[in-house]
Amino acid sequence: MDDEYFKGRGAQIRTGNKFLKAQYVTDHVEGLDEPLMEAPTTQVFFETSKTIVNKVTSPDLGMMYSTNPYQGCEHGCIYCYARNTHEYWGFSAGIDFESKIIVKKNAPQLLEKMLLSPTWQAVPISVSGNTDCYQPLERKMEITRNMLKVFARYRHPLGMITKNGLILRDLDLLKDLAQDNLVHVYISITTLDEKLRSVMEPRTASAIKRLKTVEVLAKAGIPVGVMNAPIIPGLNHHEIPQVLKAASEHGALSAGMTVVRLNGSIGQIFEDWLRKNFPDRFEKVWHQICEMHGGKVNDSNFGRRMTGEGNFAQVIHQLFRASKKKYFGDKTMPPIDLTKFRKGGNLSLF
């Protein structure tokens, strides 16, 4: 790696934005008096949203609604599919995604307003479906915690997924929700290799801390599973058995997976990262990703984009199924209870 590698960041480039007519580029950096690419510091932008819960129409996702208190994510995971959404805000899917964070401070109030609607019917809401609701800024902002208070007040069901051990700060609220079967938590564990994690997911918790988080949640009676995703051939696919074994031993009740896909600007970002960090296996990894997506690194077809196709994808799925059967057996997450929802709020004559 060269001296200009931004340690602690995933993306190393600022990609173009198809929504902008004009933008800065570094195509001929030798002609610039000052470099445009400098080590980025995190900037926070506040957004006054009108709504906070989104309906999910993708048939590939096991959720109907999701909510995201943050746009952009300081975790900096190089493969993150949410990077492309940052372009809608006029930012780059690369460096900007993990250094320019949009905060929706009124998210708890908007959530409560929606739950008070007489037409709302209780269905699980995923927190978050896009960026991590427990990314570093949450320690200060506490937006996710305040949203959990709203869910608890109205006894509304939800699911959560995170890579951050900060979720244990909210153990009191999660235990309260779990008593009425109102919550499922998933911890994302992509690799047990700390060297790989430190460059692939630079600002996330270590695998050891994530496993400890699974253990604490399980012992507190909170249903917890793991997402071993995304699976990247040549980088972490061989770890599937070890990840599932460790997760089960720490109390996880379920496990899921997806394969990597590099849509939009993520392909360029990932390619640059892969060349800089793993030049010796770039060709192997890149070609195997292409093999899973019909010769390309990107795939937008429902039913195939998250599972892949071809021989290598089949090998990955077979390994995952065998590992899950071996280490999880008949374990399963308890059903979510939709009957506890206090429709219309706390006031009741009965």
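Colleague: Helices (H or I, at least four residues) and strands (E, at least two) are DSSP runs, numbered from the N terminus. Where does Y88 lie?

Modeller: In the loop between β4 (70–71) and α1 (95–99). This is a predicted model, where local features need pLDDT of at least 70, side-chain atom pairs count only at pLDDT 80 or more, and totals for chains, interfaces and linings use all residues. Residues are numbered from 1 along each chain as its sequence is written, and side-chain values use heavy atoms, with hydrogens and water left out.

Colleague: Is Y88 buried or exposed?

Modeller: Y88 is exposed, at a relative accessible area of 60%. Exposed means over 50%, buried under 20%, partly exposed in between (1.4 Å probe, protein chains only).

Colleague: Back to β4. Which strands form the open sheet?

Modeller: Three strands, in the order β1-β5-β4, with mixed pairing. β1 (43–46) and β4 are the edge strands, each pairing on one side only. Two strands pair if DSSP finds at least two bridges between them.

Colleague: In which sense do β4 and β5 pair?

Modeller: Antiparallel, over two bridges; β5 covers residues 100–103. Y70 stands opposite V103 in β5.

Colleague: New topic, α9. How many residues has it?

Modeller: α9 has 12 residues (266–277) and reaches 16 Å from first C-alpha to last, close to the 16 Å expected at 1.5 Å a residue. The expected span is 1.5 Å times one less than the number of residues.

Colleague: Which residues of α9 are buried?

Modeller: I266, G267, I269, F270, D272, W273, L274 and N277.

Colleague: And what covers those buried residues?

Modeller: The cover includes α6 (194–200) and α10 (282–292); contact means heavy atoms within 4.5 Å.
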